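Student: Could you walk me through this one, starting with the helices?
Tutor: Gladly; have the model open while we talk.

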Amino acid sequence: MTSRIPRDSRLRLVRPRPLAAAPRAVNQRRPNRAAPRPPEGTPARSELARMARAGLAGAARVARWADTTLGPGRGSATADGKATLSDATAEQAARELGLTVARVRADWDTARLAGLVEVHGGTARPGWRLRAWNRDDSAVLRGWVALFDAWSLAHPEPSGQEPAAVAEVISAMPQVLSFLQLSAGPVPVAQLLDLLEQRVTELRTERCEVPYGPRLEPGTPQTPDIAGAPDATAGTPLAPLLDWALHALASVGALTCGDGHATLTPLGNWAVWVKLEQICVAAQSPAGNIEQSAEDMLRGCAQLRPNAARAEYRAWLAARPVGSAVTELLEGARGEDALLRGLAFEALRVVGAPAEPEVRAVLDEPTLRPYALLWLAEHDGADAEDAHEVLTRQEATWLWVDTAAAVADHGEAPLLVRHLESAVQPTVPALLDEVRAVGHPRTVQVLVALAAAHPDPALAKAVRRAAFQVHTGG
């Protein structure tokens, strides 16, 4: 398309720059922190990786079989869309691998928890860790730590237990594991039970310390309420749940149990040390946003350079359960501030695979869909520079307007002018036509800001005209 206005030049087709990379702040210098050393006696990483490979050999075998047998066009691995092997697939694997069906199912579940297999709907595919299994010790150790984090899923809790009590024990086990790690040797299970009971009591006290409802005057008859009612889990014996937790951790190779004692394995000792180090890093949050809500944390990161922002995301995430952190980040992304939307998905990139189900669940939300599509494309292995190719023209235009809104609200005029170059449309008239059609709620403000910032009078006039037409519905 050729413009009749000589000064209305064609836009250069360049890849969009991440908004967080905008040079809006002074370099953030972090003090150098010496790399921490694991406890004395911890095996070398290569030896730890060898142990992890040995412990996950069955899972890796089933994952490789699934990769070979259940590739594209060769059938589905799951029966219910929830990563459960179908009966036919489990029986086929058992025949071909010389295993029992129960063993195949157990190894399949372990492979999923360790990231060797990824399931999307009813389709299974090999995880990136499986591809790197024989050559990358870091990938192996990350896979084992992922399994360690999911110990409560690897070994189902005893039937008939109060769900709230199970949740309390899961919440209390990090302190038990820390005690085992600091003890550096066998610890009597009775001593661990005492510690568990103390920690669970603390959790119940914290949960009930804030009374709910109106306060009554002294002497007024009171009726039982939620805050004053006895805890439904108060009478639950914790010994069976501790026994379950210890055996679940033993099943993933984190500890051993015998003769009334529990001992961390070298892998378990190293993993607990890693978790404690993460907590220390979180406590030294570079910009001090660790205790903030997701929205306030993202606002605090808005003025940071990308590397400093990622360090802040890691610190904030390390202090929270992954599930609630992802939910909070997505809630922040739903707000009116487009900058926070982009930063929220940058933080979700730090989360990685655990965030995939919730990111996939927001694909039906127009405001988040373009961001979610880019996130999923990069998660599936697309190069970050080429991930935008998964967007339709309309989605790319919507994202362009949303990013422009963030620049208009938080950036400088030259940055908004440079943002014009990232549009997929070849000419300004084509861009304006599609921007008007996409229906972004900030279209008028973006066009007005762009017109005010652009040095070309003719182009600025065309942009102002488009803004007026959107405003009047013309």
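Tutor: What follows covers some helix contacts, a sheet and an aromatic pair.

Student: Before that, what kind of model is this?
Tutor: It is a predicted model, in which local features need pLDDT of at least 70 and side-chain atom pairs count only at pLDDT 80 or more, while totals for chains, interfaces and linings use all residues. Residues are numbered from 1 along each chain as its sequence is written, and side-chain values use heavy atoms, with hydrogens and water left out.

Student: OK, at what angle do H20 and H22 pack?
Tutor: Helix H20 (residues 428-438) and helix H22 (residues 457-472) pack at about 15°, with their axes 10 Å apart; helices here are DSSP runs of H or I with at least four residues, strands are runs of E with at least two, and both are numbered from the N terminus. The axes are lines fitted to C-alpha atoms, for helices over the stretch in contact, and the angles run from 0 to 180 degrees between N-to-C directions. H20 and H22 are therefore roughly parallel to each other (under 35 degrees is roughly parallel, over 145 roughly antiparallel, 65 to 115 roughly perpendicular and the rest oblique).

Student: And which residues make that contact?
Tutor: From H20 they are Val-428, Leu-432 and Arg-436, and from H22 they are Leu-459, Ala-462, Val-463, Ala-466, Gln-469 and Val-470, where contact means heavy atoms within 4.5 Å. By class, seven are nonpolar, one is polar and one is charged; Ala, Val, Leu, Ile, Met, Phe, Trp, Tyr, Cys and Pro count as nonpolar, Asp, Glu, Lys and Arg as charged, and the others, Gly among them, as polar.

Student: How do H18 and H20 cross, then?
Tutor: The axes of helix H18 (residues 393-410) and H20 come within 9 Å and cross at roughly 90°, so these two helices are roughly perpendicular to each other. Among the contact residues are Trp-398 and Trp-400 of H18 and Leu-431 and Val-435 of H20.

Student: Switching to the sheet, what is the strand order?
Tutor: Three strands form an open, antiparallel sheet in the order S3-S5-S4, and strands pair if DSSP finds at least two bridges between them. The edge strands, S3 (187-188) and S4 (255-258), each pair on one side only. Two bridges join S3 to S5 (residues 261-264), with Val-187 opposite Ala-262, whereas S4 and S5 pair over four bridges, with Thr-256 opposite Thr-263.

Student: Which residue has a positive phi in the S4 and S5 hairpin?
Tutor: That is Asp-259, with phi near 55°, in a hairpin that has two residues between the strands.

Student: What lies across that sheet?
Tutor: Helix H8 (residues 163-183) lies across S3, S4 and S5, running at about 80° to S5.

Student: Last one: how many aromatic pairs are there?
Tutor: The structure holds three, with rings of Phe, Tyr and Trp (its six-membered ring) pairing if their centres lie within 6.5 Å, and planes under 30 degrees apart counting as stacked, over 60 as edge-to-face and the rest as tilted. One of them is the stacked pair of Trp-144 and Phe-148, 5.6 Å centre to centre with 10° between the planes. Both residues lie in helix H6 (residues 137-149), four residues apart, about one turn of the helix.
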